[in-house]
Amino acid sequence: MLKGIYAISDEQLTPYETLQNQLQEAIKGGISLFQLRDKTHSDEEILEICQRLQQQCKENNVTFILNDRVELAIKIKAQGLHIGKKDEMRPYNLEELLSIRKNFQGILGVSCYDDLNLAIQAKRIQANYVAFGACFKSLIKPEAKRVDLGIFKQCSGIARCGIGGINAQNVALLREIEMVACISSIWKGEIKENVKNLYQGWRGSKDS
């Protein structure tokens, strides 16, 4: 379940008017996970689209993850929840992570940036995966700090996800990890082919 190409939505590249069609193209290309990431709308405003997207993912055997919205994830019984920083200044602390894990029983992913200690905390609260990044220069977050790719080898006992600047040309450098999360390299251009090219560069053809 926690393996493969992980597509993340973007409010500019995947507007809600076209997102379901775009998601279907990504599914045809072979994504395994999809995360809805929305930093501007209220929970009420995206409730219906969350439910529709989750159903679309369920029908296509794709794992649906909601970004950061703990209460909404609980309300809609989201398959998964990904959490990053508590606010712009700091990540969640152990007590806050424990509270989230207690109240949300689905798949839980935690952003660890370039901090192995955050991954240790995530394992302690029985998170299901950790994400490190930016792995490469990111078009979406150009200011994001680059991570030493060696951190993935230092992290064991939990599924690992790489994020940030990943494309078909550099994804082979992440061959040993379980998931690669992408935004612009999926949604810009021909979505289905983009996903196939990412997978080809990372694992080789699914048909091989």
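**Burial and strand pairing in a predicted chain**

Of the chain's 208 residues, 50% count as buried, meaning under 20% relative accessible area with a 1.4 Å probe and protein chains only, against over 50% for exposed and partly exposed in between. This is a predicted model, in which local features need pLDDT of at least 70, side-chain atom pairs count only at pLDDT 80 or more, and totals for chains, interfaces and linings use all residues. Residues are numbered from 1 along each chain as its sequence is written, and side-chain values use heavy atoms, without hydrogens and water.

Q: What is the radius of gyration of the chain, and what does the globule rule give for 208 residues?
A: The chain has 8 helices and 8 strands, assigned as DSSP runs (helices H or I, at least four residues; strands E, at least two) and numbered from the N terminus. The rule is 2.2 Å times the number of residues to the power 0.38, and the radius is taken over C-alpha atoms. The chain is as compact as a globular protein of that length, because the rule gives 17 Å and its radius of gyration is close to that, at 16 Å.

Q: Is Gln56 buried or exposed?
A: Gln56 lies in helix α2, residues 43–59. Beyond its neighbours within four places in sequence, Gln56 is in contact (heavy atoms within 4.5 Å) with Gln20, Leu23, Gln24 and Ile27. Its relative accessibility is 8%, so Gln56 counts as buried.

Q: Which residues of β3 point the other way from Thr63, Ile65 and Asn67?
A: In a regular strand the side chains alternate between the two faces of the sheet. In β3, Thr63, Ile65 and Asn67 point one way, and all residues on both sides are buried. Strand β3 (residues 63–67) is largely enclosed by the rest of the structure, because 5 of its 5 residues are buried. The residues that point the other way are Phe64 and Leu66.

Q: Which residue in β3 is the bridge partner of Leu36?
A: Strand β2 (residues 33–36) runs parallel to β3, and 4 bridges join them. Two strands pair if DSSP finds at least two bridges between them. In β3, the partner of Leu36 is Leu66.
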